[in-house]
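This report is meant to be read with the model open beside it. Each heading takes up one topic.

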Amino acid sequence: MTMVAAAITISLDGYITGPNDGPGNGLGDGGERLHYWVFGGPWTYESEPKGEATGADKEYLDEGMTGVGAVVIGRGMYEAADAWGGENPFGVPLFVVTHHPDDAPSEGGFSFVDGLDEAITQARRAAGDMDISIGGGADVIRQALRAGHVDELAISIAPVILGGGKRLFDGFEQTMNLEHKALLQSPFATHITYRLAR
């Protein structure tokens with residue numbers, strides 16, 4: 001049966017970006033620190049990341065993508081990542097939730113979909129018996145949690161306090177019970193995976 005897993009990185013004070021995030025500064029001011037774990041160490045937008053995850057971080061990434069047949073993200077993440085240079089980086093069908101599906105590029109492997117429910121429906125069809133990963137941003141993850149789409153929630157906590165930016169759970173007023181599933185830790189992040197208690 002297809003499982004839907006949401007995953008995102010936050011700062012210790014709960015931000016998914018620093019202030020002033022956007023194209024060319026996707027993780028906001030100081031936000032590069034959130035993804036040191038993805039690139040094996042420090043990087044900046046000026047010098048571009050060159051490394052890759054190692055150790056526990058690589059184990060977490062590999063496990064998170066094993067069995068994934070489709071990815072769903074929000075338009076904000078797509079734009080903040082500068083559309084990954086025009087190429088889908090995930091190697092599986094990628095669905096971008098947007099209010100403007102007609103903006104979809106004709107190449108690159110991106111499917112623009114109007115609304116999260118429709119994106120999940122299309123992702124399920126594309127994934128077949130494989131799993132679906134919801135990669136963010138925060139708004140898409142909050143919508144997916146509210147709608148009951150998420151079976152697992154993985155949060156990577158980077159050891160940084162950003163003091164501002166976008167928070168993962170801003171405006172989220174539901175109570176949800178979670179069950180601990182897994183924990184991995186590296187010098188760059190603590191990766192916690194929860195099952196949603198039904």
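## Basis of the description

The model is predicted, with local features requiring pLDDT of at least 70 and side-chain atom pairs counted only at pLDDT 80 or more, while totals for chains, interfaces and linings use all residues. Residues are numbered from 1 along each chain as its sequence is written, and side-chain values use heavy atoms, with hydrogens and water left out.

## The sheet

Helices (H or I, at least four residues) and strands (E, at least two) are DSSP runs numbered from the N terminus, and two strands pair if DSSP finds at least two bridges between them. Eight strands form an open sheet of mixed pairing, in the order 5-4-3-6-1-7-10-9. Strand 5 and strand 9 each have a single partner strand and stand at the edges, so one side of each is left without a neighbour in the sheet. From one strand to the next, the twist averages 25°.

Strand 6 (residues 131-134) sends Asp131 and Ser133 one way and Ile132 and Ile134 the other way, and all are buried, that is, under 20% relative accessible area, as against exposed at over 50% and partly exposed in between (1.4 Å probe, protein chains only). Strand 6 pairs in the parallel sense with strand 1 over three bridges, where Ser133 is the bridge partner of Ala5, and it pairs in the parallel sense with strand 3 (residues 68-74) over four bridges, where Asp131 is the bridge partner of Val68. Strand 7 and strand 10, by contrast, run antiparallel and are joined by six bridges, with Tyr194 in strand 10 as the bridge partner of Leu153.

## Helices against the sheet

Helix 5 (residues 138-146) packs on the sheet, touching strand 1, strand 3, strand 4, strand 6, strand 7 and strand 10, and its direction makes about 135° with that of strand 1. Contact means heavy atoms within 4.5 Å, and axes are lines fitted to C-alpha atoms, for helices over the stretch in contact, with angles running from 0 to 180 degrees between N-to-C directions.

In helix 2 (residues 55-65), Ala56, Asp57 and Tyr60 are buried. They cover an arc of only 105° around the axis, taken from the directions from the helix axis to the C-beta atoms, which puts them on the same side of helix 2. The buried residues of helix 2 pack against strand 1 (4-11), helix 1 (36-39), strand 7 (152-158), strand 9 and strand 10.

## Aromatic pairs

Rings of Phe, Tyr and Trp (its six-membered ring) pair if their centres lie within 6.5 Å, and planes under 30 degrees apart count as stacked, over 60 as edge-to-face and the rest as tilted. By this rule there are nine aromatic pairs. The rings of Tyr78 and Phe112 have centres 5.0 Å apart and planes at 90°, so this pair is edge-to-face. Tyr78 lies in helix 3 (residues 75-80) and Phe112 in strand 5 (residues 110-113), so the pair ties together parts that are 34 residues apart in sequence.

## Two loop residues

Thr98, in the loop between strand 4 (94-97) and strand 5, is buried, with a relative accessible area of 5%. Not counting residues up to four places away in sequence, Thr98 touches Arg75, Phe112, Val113, Asp114 and Gly115.

Pro187, in the loop between strand 9 (178-185) and strand 10 (190-196), counts as exposed at 68% relative accessibility. Leaving aside neighbours within four places in sequence, Pro187 is in contact with Arg33 and Pro159.
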